[in-house]
Amino acid sequence: MADRIVVIGAGLAGLAAAAALAERGLPVTVLEARGRLGGRAGSFTDAASGQVLDACQHVSMGCCTNFAHFCRTVGVAHLFQTQPRLYFMTPDHRVSPFAADRLPAPFHLARAFLRAHYLSLIEKSRVAWGLLQLRLTPHDADPPFIDWLQRHRQTSRTIDRFWGVVLTSALNESPDRVGLRYARKVFVDGFMSHPRGFEVSLPNVPLDRLYGQELHSWLEQHAVHVLLNSAVRAIQVRDNRVQGLELRDGAVIEADWYVATVPFSRLLDMLPLDVIDAFPAFAGLRQLETSPITSVHLWYDRPITALPHVVLVDCVGQWMFNRGEVTAGEHYVQVVVSAARRFRGLGHDEFRRRITEELARLFPPAASATLLRARVVTEHAATFSAVPGVDQWRPAQASPIHNLLLAGDWTATGWPATMEGAVRSGYLATEALLARQGKPEQVLRPDLGSPYLYRIAVETAPSL
Ligand SMILES: Cc1cc2nc3c(=O)[nH]c(=O)nc-3n(C[C@H](O)[C@H](O)[C@H](O)COP(=O)(O)OP(=O)(O)OC[C@H]3O[C@@H](n4cnc5c(N)ncnc54)[C@H](O)[C@@H]3O)c2cc1C
């Protein structure tokens with residue numbers, strides 16, 4: 001009989017691991033604490049309206065090859081829409097569209113960048129020189145990025161209006177807190193390596209459908225046993241092996257292999273203290289820090305803009321997503337405030353006031369529109385912080401305990417905390433499990449390095 005595998009947690013890391021294992025014919029059970037799938041990339045029921053809302057708009061980029069592969073594998077790729085252009089807007093209402101032209105990378109965005117209204121020509125040449133230098137830095141160097149920026153002649157305006165705009169939303173941290181390694185990754189992999197790397201995709205259905213209903217039926221068809229409302233309280237370890245999982249209701253579940261994909265703080269709660277202290281891979285998790293994201297959901301009585309989304313420059317929020325008329329007479333807009341640590345302590349009413357005032361300044365129709373309702377949602381531990389040297393605390397998926405594999409956006413993926421990082425971790429945990437079973441296989445998809453690799457990585461998910 002094939003070994004039994006239990007995946008703990010049904011966020012994207014757990015779902016990716018379950019899908020990859022199930023595709024290989026392995027018997028998988030998924031234990032999820034909540035009553036739904038998707039984890040942080042999920043939805044919740046708004047008590048006031050009874051509507052199912054996405055906790056926060058989730059954006060993926062063309063360079064996210066494993067996430068794209070996962071979506072194709074489980075049959076949800078058609079539920080995303082690629083945005084051919086991004087719109088950058090400043091408080092003076094001016095908008096710069098940002099789209100690639102036919103020049104090869106890294107020049108595909110050069111023309112759009114040269115036309116951007118929010119930097120002067122001298123500032124653009126500073127930024128271009130900085131980008132060139134960034135491309136030349138070794139990819140594993142990780143000093144504080146702010147020092148690097150200052151050493152490379154960036155001014156507070158180029159930091160605020162260029163580097164910070166991109167980094168705050170991509171890494172969910174302000175530029176003064178991130179390390180060079182992940183800053184480099186965002187700019188080089190996302191914007192300079194491939195003409196499609198920067199393309200933004202947005203789901204056109206709620207996350208609950210994407211990673212909930214759609215995934216549920218795919219997992220069912222592939223004989224994955226999903227147990228919702230099944231929180232693991234403790235991982236029982238003896239003689240360097242997991243013996244079983246104690247659930248919150250007292251039940252014990254035993255298997256041959258365990259893939260823990262819960263957030264690192266939860267894993268620290270579940271593992272015995274002596275096991276954590278015995279292994280730096282676990283003890284190091286205490287060093288990881290997290291960063292909050294706040295999303296402000298607003299329903300107006302009329303459209304406030306025709307733009308589908310806006311990247312906000314010099315504003316409180318980083319992105320505005322225009323979700324259109326979701327129910328008759330209700331026009332839904334979401335503003336995402338990343339690295340929201342600086343607003344800690346601000347009440348919801350004050351947060352909403354700042355954002356609605358900002359929207360009224362940016363979009364004149366918002367000033368005269370009636371705000372029908374609003375909801376402010378803060379995820380306090382939204383992502384781990386990509387601070388300088390963070391990778392020394394991110395453990396490999398092959399844990400020091402033989403039959404325990406780790407996954408989660410916080411494990412060592414070489415990526416920041418993103419859906420791509422989560423899916424990568426699930427694929428890497430699958431690789432580690434197969435290797436420990438003596439059946440090594442490559443599961444991870446290649447990066448977006450060349451048009452050929454792009455085709456293999458993204459466009460040829462296995463036919464099931
Ligand atoms: C507000 C917000 C906005 C974001 N925006 C983006 C974006 O635009 N683009 C992007 O790429 N990424 C974004 N991210 C990051 C992205 O959501 C995460 O990187 C990714 O979803 C993490 O997946 P995961 O599986 O590693 O962890 P999680 O999603 O946290 O999954 C862990 C799962 O484990 C479950 N669990 C916890 N404890 C237990 C237990 N005791 N027993 C059983 N199960 C348990 C949890 O309920 C959860 O389902 C955003 C995150 C947030 C919070």
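Colleague: How do the axes of α1 and helix α8 cross, and within what distance do they come?

Modeller: Keep in mind that this is a predicted model. In it, the axes of α1 and α8 (residues 207-221) cross at roughly 20 degrees and come within 11 Å. Anything under 35 degrees counts as roughly parallel, so α1 is roughly parallel to α8.

Colleague: Is that crossing left-handed or right-handed?

Modeller: Left-handed, for α1 and α8.

Colleague: Which residues make the contact?

Modeller: From α1 you have Leu12, Leu15, Ala18, Ala19 and Glu23, and from α8 there are Tyr211, Leu215, Trp218 and Leu219. Sorted by type, the residues of this α1 and α8 contact come out as eight nonpolar, no polar and one charged.

Colleague: OK, what about α1 and α14, what's the angle there?

Modeller: About 40 degrees, with the axes 7 Å apart, for α1 (residues 12-23) packing with α14 (residues 419-436). That is why α1 and α14 are described as oblique to each other. The crossing of α1 past α14 is right-handed.

Colleague: And which residues meet in that one?

Modeller: On the α1 side, Leu12, Ala13, Ala16, Ala17, Ala20 and Leu21. They meet Met419, Ala422, Val423, Ser425, Gly426, Tyr427, Thr430 and Leu433 of α14. The residues in the contact of α1 with α14 split into eleven nonpolar, three polar and no charged.

Colleague: Switching topic to the ligand. How many residues are around the ligand, and which come nearest?

Modeller: There are 35 residues around the ligand, and Glu32, Arg40, His58, Val59 and Asp409 come nearest.

Colleague: What does Glu32 have 2.6 Å from the ligand?

Modeller: A polar side-chain atom of Glu32, and the ligand atom at that 2.6 Å distance is an oxygen.

Colleague: Which backbone atoms sit by the ligand's polar atoms?

Modeller: Val232 has a polar backbone atom 2.9 Å from a nitrogen atom of the ligand. Thr418 has a backbone N or O atom 3.2 Å from a ligand oxygen.

Colleague: Back to helices. How do the axes of α6 and α7 cross?

Modeller: At roughly 95 degrees, with the axes of α6 (residues 156-171) and α7 (residues 180-192) coming within 10 Å. So α6 and α7 are roughly perpendicular to each other. Phe162, Trp163, Val166, Leu167, Ala170 and Leu171 of α6 make the contact with Tyr182, Ala183, Val186, Phe187 and Phe191 of α7.

Colleague: Last topic, the backbone. Where is the peptide bond that is cis?

Modeller: From Ala105 to Pro106, with omega near 5 degrees. Pro106 belongs to the loop between β8 (95-98) and α3 (110-115).

Colleague: And what is phi of Arg153?

Modeller: Near 60 degrees, which is a positive value in a residue other than glycine. Arg153 sits in the loop between α5 (145-151) and α6.

Colleague: Why point those two out?

Modeller: Because most residues other than glycine have a negative phi, and most peptide bonds are trans.

Notes. Residues are numbered from 1 along each chain as its sequence is written. This is a predicted model: local features need pLDDT of at least 70, side-chain atom pairs count only at pLDDT 80 or more; totals for chains, interfaces and linings use all residues. Side-chain values use heavy atoms; hydrogens and water are left out. Axes are lines fitted to C-alpha atoms, for helices over the stretch in contact, and angles run from 0 to 180 degrees between N-to-C directions. Helices (H or I, at least four residues) and strands (E, at least two) are DSSP runs, numbered from the N terminus. Angles under 35 degrees count as roughly parallel, over 145 as roughly antiparallel, 65 to 115 as roughly perpendicular and the rest as oblique. A crossing is left-handed if the near helix is turned anticlockwise from the far one by less than a right angle, and right-handed if clockwise. Contact means heavy atoms within 4.5 Å. Ala, Val, Leu, Ile, Met, Phe, Trp, Tyr, Cys and Pro count as nonpolar, Asp, Glu, Lys and Arg as charged, and the others, Gly among them, as polar. A residue is near a molecule or strand if one of its heavy atoms lies within 4 Å of it. A polar contact is a pair of N or O atoms within 3.5 Å; within protein, one must be able to donate a hydrogen and the other to accept it, and residues adjacent in sequence count only if both atoms are side-chain atoms.
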